[in-house]
Amino acid sequence: MEYDREEPQLPTARGPISAAVGAYLLGAGPLPAPETVAEAPPYGDDLQLALYQCYELHYRGFAGVSPALEWDPGLLGTRAALEDRFLSALRADTPVHDSVAEAVGALLVEPVDGKGVSHFLRDEGELWQLREYAAQRSLYHLKEADPHAWVLPRLWGRAKAAMAAVEFDEYGGGRAERVHARLFADLMTDLGLDTAYGRHLDAASAECLATVNMMSLFGLHRSLRGALVGHFAAVEITSSPGSRRLAEAMRRTGAGPAAEHFYDEHVEADAVHEQIVRHEVIDGLLEQEPWLAADVAFGIDATGFLEDRFGARLLADWRGGRSSLRTPLPDPRHAEREVSHTS
């Protein structure tokens, strides 16, 4: 199964900004007016989808959209305005620790009475909720490690070597069947989900889009390399315990062996990655560029801020008996036929 063969379709617009960006990508209209962008809610569906559309040109692109638009000056100007709105809100709204040591220390503390999404899914989550969670997370996991790879040319010495070592593991250690994006596609198959890249973009919430957009924002800007390293540290340090809970959730609900394996793999791999990121990537970066410490702390804490928003949205919907998705998932009994059709 070639889960990543085709370019994804452009998503359905969620407001005037994303509609204008989508039309521009197809040569069917002008870009949004600057004042429209300046007034948009920074974490809202419209701005986040428009930003996601801009960023996706640097990854797989969209069907029917010219690859040359990746560096279109007008589109880059709109992207910069969207980024400024988003980043300004993140800086204003994120409580940031006074030091990198404090920010990392907070990540290392596992609360006794944890109440996050992975705790909920482990203890009481149902299979339909695991399917929704996987559908939304697929926006990142089907390109897992790609946003972080942008930082490699911006590092050197210990930090670069250690970051490359972790990325090598994320990309399967040279084995295509072990690439983490491949493993997540296998997880999706177990859950009866369409594995096509970008297939679940229309279903994903604004809160989910923001978590993915932040990675691209940090990765694509050299000036934000410290924030990207902080973000990567937050992901790797919190991954192992969270993955253990999600593996237990997959086993408890009978999701399937590939679904279990994806998270079991992350329990083991990310426990090692945590040490490398803390002691080689962060320490190596700050040894060379100590003035980036505040950016590293910001990247750690901004990650927690957006993940908490996403988690709160998921739990509010699920505990209220509602789907967390904007569009419903197909019946899993028909998923095998749909996946085969997209392969």
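Student: Which charged end sits over the ring of Y59, and how many Å is it from the ring's centre?

Tutor: That's K143: its charged end sits over the Y59 ring, 4.7 Å from the centre. The call needs NZ of Lys or CZ of Arg within 6 Å of the ring centre and within 35 degrees of the ring normal. Before we go on, this is a predicted model, with local features needing pLDDT of at least 70 and side-chain atom pairs 80 or more, while totals for chains, interfaces and linings use all residues. Numbering starts from 1 along each chain as its sequence is written, and side-chain values use heavy atoms, leaving out hydrogens and water.

A145 sits in the loop between α7 (127–141) and α8 (146–149); helices here are DSSP runs of H or I, at least four residues, and strands are E runs of at least two, numbered from the N terminus. A145 isn't a glycine, yet its phi is positive, about 85°. At 1% relative accessible area, A145 is buried (under 20%; exposed is over 50%, partly exposed in between, with a 1.4 Å probe and protein chains only).

R91 also has its charged end over a ring, F298 this time, 4.5 Å from the centre.

F184 and F262 have centres 5.0 Å apart and planes at 75°, so they're edge-to-face. That pair joins α10 (residues 180–190) to α13 (residues 257–288), spanning 78 residues, and both partners are buried. Y43, F86 and F305 make up one aromatic cluster.

F86 also turns up in α4, where R79, E83, F86, L87 and L90 meet A210, N213, M214, L217, F218 and L220 of α11 (contact is heavy atoms within 4.5 Å). By class, that's 8 nonpolar, 1 polar and 2 charged residues; Ala, Val, Leu, Ile, Met, Phe, Trp, Tyr, Cys and Pro are nonpolar, Asp, Glu, Lys and Arg charged, the others, including Gly, polar. The axes of α4 (residues 73–93) and α11 (residues 206–220) come within 11 Å and cross at roughly 110°.

Last stop: G230 lies in α12 (residues 225–253), buried at 0% relative accessibility. Leaving aside residues up to four places away in sequence, G230 touches V296, G299 and I300.

Methods. Axes fitted to C-alpha atoms, helices over the stretch in contact; angles between N-to-C directions. Phe/Tyr/Trp six-rings, centres within 6.5 Å; stacked < 30°, edge-to-face > 60°.
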